[in-house]
Amino acid sequence: MDTDALTAGTLQRLRATRPYPALSLTMPTHRRAPDNAQDAVRLRNLVAEAGNRLDADPRVSREAGDAVKAQLERAVTDVDPRRALESLVVLADADEYQIWRLPRTAPERVVLSDSYLTRNLVAAKAGAQLFWVLNFSAEHAALWSGTVEGLREEKGRGFPLSPPHENFDPERQARSGDAPSIYVSEDTRSFFRTVDERLRGVLAADPRPLFLIGLPQALSLLEDVGECARTAACKVAKGTTAETTAAELSRELETALEDWRAQGAAAVRDRLDAARGAKTFAGGLDEVWAAAKEGRVGLVAVEEHFQQTVRVTEGHLVAVDPADVAPGDEEVREDIVDELIETVLDNGGEAVFVADDSLADHGRVAAVLRF
């Protein structure tokens, strides 16, 4: 599964306590040849390591260990190298397995616990900048899930939709120039009410910024008969059809998305500036980490590609070179940035990713503190 499937409900289910052992396997992957040739070997090595860990763990019965290993083998068979992103996360227990492809790297790791390791998933979701796109007209409505990776049509959640009756002839309307009349008919108004109702359900279950793309009269009517259009992040006045592709929609949305992201980055800068003036600012990984552990971080901003391996020493973080880390050193955290993000989100804060080097003066990470 991909990052846009990570709803709050999904993450909550993954974090739920389950019978020991729940196994989490993470590893970096590569999108293209020749680098991706090593991924299959690395995965097999980690699966072998997981098997050895299960066999050696006195808390794991032979029956439970064999069941988890069987699920892992099924997962390996289902991994599609053609769809690889920056990392792979495999979760397995005696009854199930899940495969997650993330656009954010993760360290090689095998963890046995009574719940799945979710920090890499949480960080990937925070960095994906998820949004919804609805392209629609009087004859169709399609919902798309958007991330920094692109668009994927959402075939579910009540979409795609089409009106129950074809009450117009698009070719005739194109010839006669009376297309606007479609949007004053009661049938179209009723169809748009249904679209808005379905869309409200989607936004309630998985809140994200909403982008609308349709003809001006379609945008106006949806706002008139419903609620979602009034709070949309952006409206793009462009006609589409049920056959409009993801690539075509991405081109039409490019400027709107750039503006949205620029506004978001500016808003983060303003909040950090205001926090400095109010003495509620923290900068640097160690300082922000300490505040996050105390539940004091309202917003954490992290440079997009910032990663740091650290050693936890007397409650403080000391940067270390991964090449100098001995296997099994439990004081070392390879994914401390992702762990920081999850901690902030668990305590009700926000996490945003900003451009590389934009926080160079603050150790690549900064925070707005609650107190």
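Modeller: Quick definition before we start: helices (H or I, at least four residues) and strands (E, at least two) are DSSP runs, numbered from the N terminus. This is a predicted model, where local features need pLDDT of at least 70, side-chain atom pairs count only at pLDDT 80 or more, and totals for chains, interfaces and linings use all residues. Residues are numbered from 1 along each chain as its sequence is written, and side-chain values use heavy atoms, with hydrogens and water left out.
Colleague: Okay, where does Arg119 sit?
Modeller: In helix α4, which covers residues 119–127.
Colleague: And is Arg119 buried or exposed?
Modeller: Buried, because its relative accessibility is 13%, and buried means under 20% relative accessible area, exposed over 50%, partly exposed in between (1.4 Å probe, protein chains only).
Colleague: What does Arg119 touch, skipping neighbours within four places in sequence?
Modeller: Arg109, Asp335, Asp338, Glu339 and Glu342, with contact meaning heavy atoms within 4.5 Å. The side chains of Arg119 and Asp335 also make a polar contact of 3.4 Å. That term is a pair of N or O atoms within 3.5 Å; within protein, one must be able to donate a hydrogen and the other to accept it, and residues adjacent in sequence count only if both atoms are side-chain atoms.
Colleague: Switching topic: how many helices and strands are in the chain?
Modeller: 10 helices and 16 strands.
Colleague: What fraction of the chain is buried?
Modeller: 46% of the 371 residues.
Colleague: And what does Leu340 touch, leaving out residues up to four places away?
Modeller: Leu285, Val288, Trp289, Ala292, Val300 and Val365.
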